[in-house]
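The sequence and structure are shown first.

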Amino acid sequence: MVAVSSWGRLSQSEHQVHFLTHRHPAPVQIRETAPGLAHGMGRSYGDAALNPGGCLWNTTSLDRFISLDERTGQLACETGVLLRDIQRLMMPRGWILPVTPGTQLITVGGAIANDVHGKNHHVLGCFGDHVLRLTLLRTDGEIIECGPDLLPDWFAATVGGIGLTGVILSATIQLRRIAGPWLNTETIAYASLDQFFQQADDSEADWEHTVSWIDCCVGSQGRGLFMRGNPVEVENRAEPRDRSFGMPFVPPFSLVNRWSLRLFNAAYFNLKKRKAAPRIMHYQPFFYPLDNLLEWNRMYGPKGFFQYQCVVPRETGDDAIQAMLGDIARSGEGSFLAVLKTFGNRQPVGMLSFPQPGVTLALDFSNKAMQTAQLFARLDAIVREAGGRIYLAKDARMPRDLFEAGYPRLNEFLPYRDRGISSAMSRRLMGF
Amino acid sequence: MLIQKKRIVIIGATSAIAEHCARLWVNQSPADLVLVGRDTAKIEQVAADLLIRSPESAVQSHRLDFTDPVQIRRLADEIADYGAIDIVLIAHGSLPDQAACQQDLAACREALTLNGISPVLFAEAFAGHMQKANTGALIIIGSVAGDRGRKSNYVYGSAKGLVTRYAQGLQHRLADSNVKVVLIKPGPTDTPMTRHLKQQGDNGLASVEKVAKSIVKGASRGQLVVYAPVKWAWIMMVVRHLPYFLFKRLNV
């Protein structure tokens, strides 16, 4: 038994960890050790990838490429391949993953199981929109090949299905042509939510990537920095070298508190505001700003942290976001890492995929037990009222009724669950 | 101009460390690889992966009984017939259950054969060819476990100790040649072989990528002994010199 935490470091529970190392012995290995749950890089914040007291099938050694068609950009790989490794391998050959989230240190299997999205959601949708095939291993040994045009119901259940329909062994992904690793970017300060929505709407047609950092300390009107980018061809520019720093230890208390937060946010906002001119950026700092700061999750101290990410429909979104920002500012909680983004007007593939048309807000909160729970209860009420939902990849605590209200396709999903798989999250939200 | 590709032979090519070394080598420049393993399906998967990482490389795979001197000799001769070899990496092994080795002499013999005798047979089969060609690096993976016997894994440790003495002798024999013999001593590494030791996060187990990096670096420098990661050189210096009256109290 070994102690395993998820990214939020809220718990340190004992797990029986089995490493899957090759594809062909996996069915026997899984059948013999079930019930369990697949676990990749452990970047889910909450309890989606935890199974305390039970078994985890670690997939990070299943990290081989299987086939590549350089003419069509179709790449097949094992489930544990990191998005970073695909980018590094394929970028020089003129291909890129169409959709990646804010970190590339996640596995392909995890990206599918959480149907992750990125800054270009309004153009290219979610990760699952670019998966052509996946191989799903059920704990009874059955292997199911599925895709958008092959057993599409299995595919829709597995994409975004947080690992509960079986173990994803491998996948074929449609990559996208790219001229090079550079992006033309702009940063625009906004002083109110109205300005944010204005920027977002104006940018949607002409900009492939849009996202905004929001200062959660200033109250319901918000202020922040709207960032947008487009791929651009740049000749002969040296790529930045890989440099990473680690958070070497867990500080005895959270470094994020109401004083450090106000100070940092004000400094960051004013500094960036002045440097708002358009500039050429490498894709790595633009897409994955935190990847070079290894184990940054430790800065919240020994009690860990929550990430609260919700999406609310556009019609109710303006009021809902205002109300949430007001509550957060009054609480004095929140963090530097706060993101506000509009989603495109499209439905995701997966039955339990998170994105829906509207606007999404994501914020980290140091874990302060009751105090944090009370704030979340207020935010939950706003999300419920607005007809929104909370992202399963981030969640560690939403009440079951909010889950059921937010994910109307739940009953359609349940028959596809694998009885030999269960997680802390599935027991909390689905009862088994 | 056609650049001659490096010829690299990897014994135990499906081990996690060997696989990561191979990835590093083909990332440096396209190579001519010979992968030798015990499980055909696994070798084929590793080969396919390496060819995608480096389409200009060439990969041959061989399945072999790791304890059969006749097969080992034949393989080495065949490979050497094609021309000089730049790198031979001998990486196979398995961490036996010490308690089982104490109970079951067959298990004990198997552990000694696979981790001690077999690597020596492979090294010996290639050493002659490399000496004749007067070039190349012969890299053998030993272990810090071979530095001092201890109760929790001395069967494995003694096999690796054998490899250590063998490598010393071979280095002596080839001292005047251009052939480099490099003995790698990985500390406990996060591989499938050691997975039951694994704690998540900061657990003292080195990542397999890190170990692979120090192997590739040590090989290119031709160091005699490479501890991977380097901190194990210091740890093992202390362990080797610890007086017995203290050592015997350690529960290691």
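Helix 1 and helix 7 of chain B cross in a right-handed sense. This description, like all that follows, refers to a predicted model. The axes of helix 1 (residues 16-28) and helix 7 (residues 208-221) of chain B approach within 8 Å, and the crossing angle is roughly 60°. At that angle, helix 1 of chain B and helix 7 of chain B are oblique to each other. From helix 1 of chain B, the contact draws on B:Ala16, B:Ile17, B:His20, B:Cys21, B:Leu24 and B:Trp25. Helix 7 of chain B contributes B:Val208, B:Glu209, B:Val211, B:Ala212, B:Lys213, B:Ile215 and B:Val216. Sorted by class, the contact between helix 1 and helix 7 of chain B comprises 10 nonpolar residues, one polar residue and two charged residues.

**Packing around helix 5 of chain B**

Helix 5 of chain B takes part in two further helix pairs, described here in turn. In the pair with helix 6, the axes of helix 5 (residues 105-133) and helix 6 (residues 154-173) of chain B come within 8 Å and cross at roughly 15°. Because of this angle, helix 5 of chain B counts as roughly parallel to helix 6 of chain B. The crossing of helix 5 of chain B past helix 6 of chain B is right-handed. On the side of helix 5 of chain B, the residues in contact include B:Cys108, B:Ala111, B:Leu112, B:Pro119 and B:Ala127. Those they meet in helix 6 of chain B include B:Val155, B:Tyr156, B:Leu162, B:Tyr166 and B:Leu170. In terms of class, 14 nonpolar, two polar and one charged residues form the contact of helix 5 with helix 6 of chain B.

The other pair joins helix 3 (residues 69-81) of chain B to helix 5 of chain B, with an angle of about 30° and axes 9 Å apart. Helix 3 of chain B is therefore roughly parallel to helix 5 of chain B. The crossing of helix 3 and helix 5 of chain B is right-handed. Helix 3 of chain B supplies B:Pro69, B:Ile72, B:Arg73, B:Ala76 and B:Ala80, while helix 5 of chain B supplies B:Leu121, B:Phe122, B:Ala125, B:Phe126 and B:His129. The contact of helix 3 with helix 5 of chain B consists of eight nonpolar, one polar and one charged residues.

Helix 5 of chain B also holds B:Ser118. Is B:Ser118 buried or exposed? B:Ser118 is buried, since 24 other C-beta atoms lie within 10 Å, and the cut-off for a buried residue is 20 or more. Leaving aside residues up to four places away in sequence, B:Ser118 touches B:Phe66, B:Thr67, B:His92 and B:Thr113. B:Asp65 is 53 residues from B:Ser118 along the chain, and their C-alpha atoms are separated by 9.7 Å.

**The two chains as a whole**

The table sets out overall values for each chain.

| Property | Chain A | Chain B |
|---|---|---|
| Secondary structure | 13 helices and 21 strands | nine helices and nine strands |
| Radius of gyration | 21 Å | 18 Å |
| Box along principal axes | about 60 × 55 × 45 Å | roughly 65 × 40 × 35 Å |
| Buried residues | 49% of 432 residues | 44% of 252 residues |

The radius of gyration of chain A agrees with the value near 22 Å that a compact globule of 432 residues would have. For chain B, the globule rule gives 18 Å for 252 residues, so chain B is as compact as a globular protein of that length. Among contacts with a separation of 6 or more, residues 24 or more positions apart account for 75% in chain A and 69% in chain B.

**A loop residue in chain A**

A:Leu255 lies in the loop between strand 15 (245-246) and helix 7 (258-274) of chain A. A:Leu255 is partly exposed, with 14 other C-beta atoms within 10 Å. Not counting residues up to four places away in sequence, A:Leu255 touches A:Ser260 and A:Met299. The C-alpha atoms of A:Leu255 and A:Met299 are 5.6 Å apart, although 44 residues separate the two along the chain.

**Contact between the chains**

How many residues of each chain are in contact with the other? The contact involves 16 residues of chain A and 14 residues of chain B. On the side of chain A that touches chain B, strand 1 (2-4), strand 2 (13-19) and strand 5 (65-69) of chain A each supply at least two residues. The residues on this side of chain A are nine nonpolar, five polar and two charged.

Notes. Residues are numbered from 1 along each chain as its sequence is written. Chains are lettered from A and ligands numbered from 1 in the order in which they are written. This is a predicted model: local features need pLDDT of at least 70, side-chain atom pairs count only at pLDDT 80 or more; totals for chains, interfaces and linings use all residues. Two residues are in contact if their C-beta atoms, placed from the backbone, lie within 7 Å. Helices (H or I, at least four residues) and strands (E, at least two) are DSSP runs, numbered from the N terminus. Ala, Val, Leu, Ile, Met, Phe, Trp, Tyr, Cys and Pro count as nonpolar, Asp, Glu, Lys and Arg as charged, and the others, Gly among them, as polar. Axes are lines fitted to C-alpha atoms, for helices over the stretch in contact, and angles run from 0 to 180 degrees between N-to-C directions. Angles under 35 degrees count as roughly parallel, over 145 as roughly antiparallel, 65 to 115 as roughly perpendicular and the rest as oblique. A crossing is left-handed if the near helix is turned anticlockwise from the far one by less than a right angle, and right-handed if clockwise. The radius of gyration is taken over C-alpha atoms; the globule rule is 2.2 Å times the number of residues to the power 0.38. A residue is buried if 20 or more other C-beta atoms lie within 10 Å of its own, exposed if 12 or fewer, and partly exposed in between; C-beta atoms are placed from the backbone.
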